[in-house]
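Good morning, colleagues. Please look at the model on the screen while I go through its helices, its sheet and a few individual residues.

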Amino acid sequence: MYSREHIKNAIDDGVIVDDGHTLVDPTHYVGFDVDNLIEVHKSDFSHGKTTIYTDGVPVEELEAVYNLDFLRMIVRQLGLECNENYTGRGFQAHEYCRKLREFANGN
């Protein structure tokens with residue numbers, strides 16, 4: 001279980017970020033066990049939204065953590081109740097981060 005201080009530090013250090021779209025290098029999540037979230041994500045070059053880019057260059061595949069999965073995992077591990085009915089990934093990430101900030105601040 002993560003402490004309020006751990007979550008607050010992760011927010012302050014930019015480890016916990018309000019992003020529901022990005023695939024992130026697992027080493028970014030310092031202090032968190034994300035091994036079960038690491039996946040090989042493959043590009044679908046038929047559209048820009050389904051193509052994975054690294055430093056602006058399209059890549060076939062990328063071993064990474066989907067940040068929304070990370071946020072969801074932390075929220076659930078902490079037993080925080082969140083609205084799960086948002087239709088957009090960005091809105092859902094915002095809700096998870098809002099709850100994590102509340103937790104970190106003792107609310």
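In this predicted model, the contact between α2 and α3 brings L68, L71, R72, I74 and V75 of α2 against R89, Q92, A93, Y96, C97 and L100 of α3. Sorted by class, this contact comprises eight nonpolar residues, one polar residue and two charged residues. Two packed helices are described by the angle between their axes and the distance between the axes. Here helix α2, residues 67-77, and helix α3, residues 89-104, pack at about 35 degrees, and their axes are 10 Å apart. The crossing of α2 and α3 is left-handed.

Three strands make up an open sheet, in the order β1-β5-β2, with antiparallel pairing. Its edge strands are β1, at 23-24, and β2, each of which pairs on one side only. Between β1 and strand β5, residues 61-66, the antiparallel pairing runs over two bridges. V24 stands opposite V65 in β5. Helix α2 lies across β1, β2 and β5, and runs at about 25 degrees to β5.

Is N67 buried or exposed? Its relative accessible area is 1%, under the 20% limit, so N67 is buried. Leaving aside neighbours within four places in sequence, N67 is in contact with V17, D19, T22, V24 and Y29. V24, as I said, is the residue opposite V65.

Finally, consider H47, which is placed in the loop between β2, at 38-42, and β3, at 52-54. H47 has a relative accessibility of 46%, and therefore counts as partly exposed. Y29, already named as a contact of N67, is 18 residues from H47 along the chain, and the C-alpha atoms of H47 and Y29 are separated by 29 Å.

Thank you; I welcome your questions.

Definitions and conventions. Residues are numbered from 1 along each chain as its sequence is written. This is a predicted model: local features need pLDDT of at least 70, side-chain atom pairs count only at pLDDT 80 or more; totals for chains, interfaces and linings use all residues. Side-chain values use heavy atoms; hydrogens and water are left out. Helices (H or I, at least four residues) and strands (E, at least two) are DSSP runs, numbered from the N terminus. Buried means under 20% relative accessible area, exposed over 50%, partly exposed in between (1.4 Å probe, protein chains only). Axes are lines fitted to C-alpha atoms, for helices over the stretch in contact, and angles run from 0 to 180 degrees between N-to-C directions. A crossing is left-handed if the near helix is turned anticlockwise from the far one by less than a right angle, and right-handed if clockwise. Contact means heavy atoms within 4.5 Å. Ala, Val, Leu, Ile, Met, Phe, Trp, Tyr, Cys and Pro count as nonpolar, Asp, Glu, Lys and Arg as charged, and the others, Gly among them, as polar. Two strands pair if DSSP finds at least two bridges between them.
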